[in-house]
Amino acid sequence: MPEDFFPTRPSNPPIIYAYEDTNPIYHGLLKIGYTKGKSALDRVSRQYPTKRPGPSPFRIVLEEDAVKEDGSVFLDHEVHRLLREIGIDNPEGEWFKCSKETVLSALHSIKKGERL
């Protein structure tokens, strides 16, 4: 049937997010991740398990659905790969030396099936 040709959009779409750690040693770096069924805040909070007084040790800077225009979903690995391909410094793991705008541009490129 024709409606089976295109994936259906999930009712609770997965999310690609980016956050910065407030520790000065991470200045200029964004961690780019993926979560399904939770908000970015919920997901990142689990990565900082120790409750402590004072301001949060991180700040969410971007939270977008991980759904392409055709309805299929994508993972953070696709964003990581594209950022590396365009020469964004990736000191380790899922951390990238870039701006929120660069990550957003990569996300929109992936959603539309285009390259930067």
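What follows is a chat about a predicted model of one chain.

Colleague: What are the ground rules for this model?

Modeller: The model is predicted, so local features need pLDDT of at least 70 and side-chain atom pairs count only at pLDDT 80 or more, while totals for chains, interfaces and linings use all residues. Residues are numbered from 1 along each chain as its sequence is written, and side-chain values use heavy atoms, with hydrogens and water left out.

Colleague: What is the mean pLDDT of the chain?

Modeller: The mean is 89, and 90% of the residues reach 70 or more; pLDDT is the predictor's confidence in each residue, from 0 to 100. Confidence is lowest in helix α1 (residues 40-47), with a mean of 91, and highest in β5, at 98.

Colleague: How many helices and strands?

Modeller: The chain has 3 helices and 5 strands. These are DSSP runs numbered from the N terminus, helices being H or I of at least four residues and strands E of at least two. The pattern along the sequence is β-β-α-β-α-β-β-α.

Colleague: And in which order do the strands sit in the sheet?

Modeller: The order is β3-β1-β2-β5-β4, in an open sheet of 5 strands with antiparallel pairing. Two strands pair if DSSP finds at least two bridges between them. On average, neighbouring strands are turned by 30° against each other, direction ignored.

Colleague: Which strands does α1 touch?

Modeller: α1 packs on the sheet against β1, β2 and β3, and its direction makes about 135° with that of β3. α3 also packs on the sheet, touching β1, β2 and β3, with its direction at about 20° to that of β3. Axes are lines fitted to C-alpha atoms, for helices over the stretch in contact, and angles run from 0 to 180 degrees between N-to-C directions. Contact means heavy atoms within 4.5 Å.

Colleague: What is β2 bridged to?

Modeller: β1 and β2 run antiparallel and are joined by 5 bridges, with I16 partnered by Y34. On the β5 side, 3 bridges make another antiparallel pair, and there K31 is partnered by W95.

Colleague: How many bridges between β4 and β5?

Modeller: 2 bridges, and the strands run antiparallel; D89 stands opposite K97. Their hairpin has 2 residues between the strands, and G93 takes a positive phi near 55° there.

Colleague: Which residues of the largest nonpolar core touch the most other members?

Modeller: I16, I32, F74, V79, L83, V103 and L107, out of 19 residues in that core. β1, β2, β3 (58-65), α2 and α3 each supply at least two residues of this core, and α3 gives the largest share, with 4. A nonpolar core is a set of buried Ala, Val, Leu, Ile, Met, Phe, Trp, Tyr and Cys residues joined through side-chain atoms within 4.5 Å.

Colleague: What does V79 touch?

Modeller: Leaving out residues up to four places away in sequence, V79 touches I16, I32, F74, A106, L107 and I110. A second, separate core of 8 residues includes Y17, L29, A40 and W95.

Colleague: Which residues of α2 are buried?

Modeller: In α2 (residues 76-85), D76, E78, V79, H80, L82 and L83 are buried. These pack against β1 (15-21), β2 (29-35), β5 (95-97) and α3 (100-112). After α2 comes G87, with a positive phi near 90°.

Colleague: Last one: what share of the chain is buried?

Modeller: Buried residues are 34% of the 116. Of the contacts with a separation of 6 or more, 64% are between residues 24 or more positions apart.

Notes: Buried < 20%, exposed > 50% of the residue type's maximum accessible area, 1.4 Å probe, protein only.
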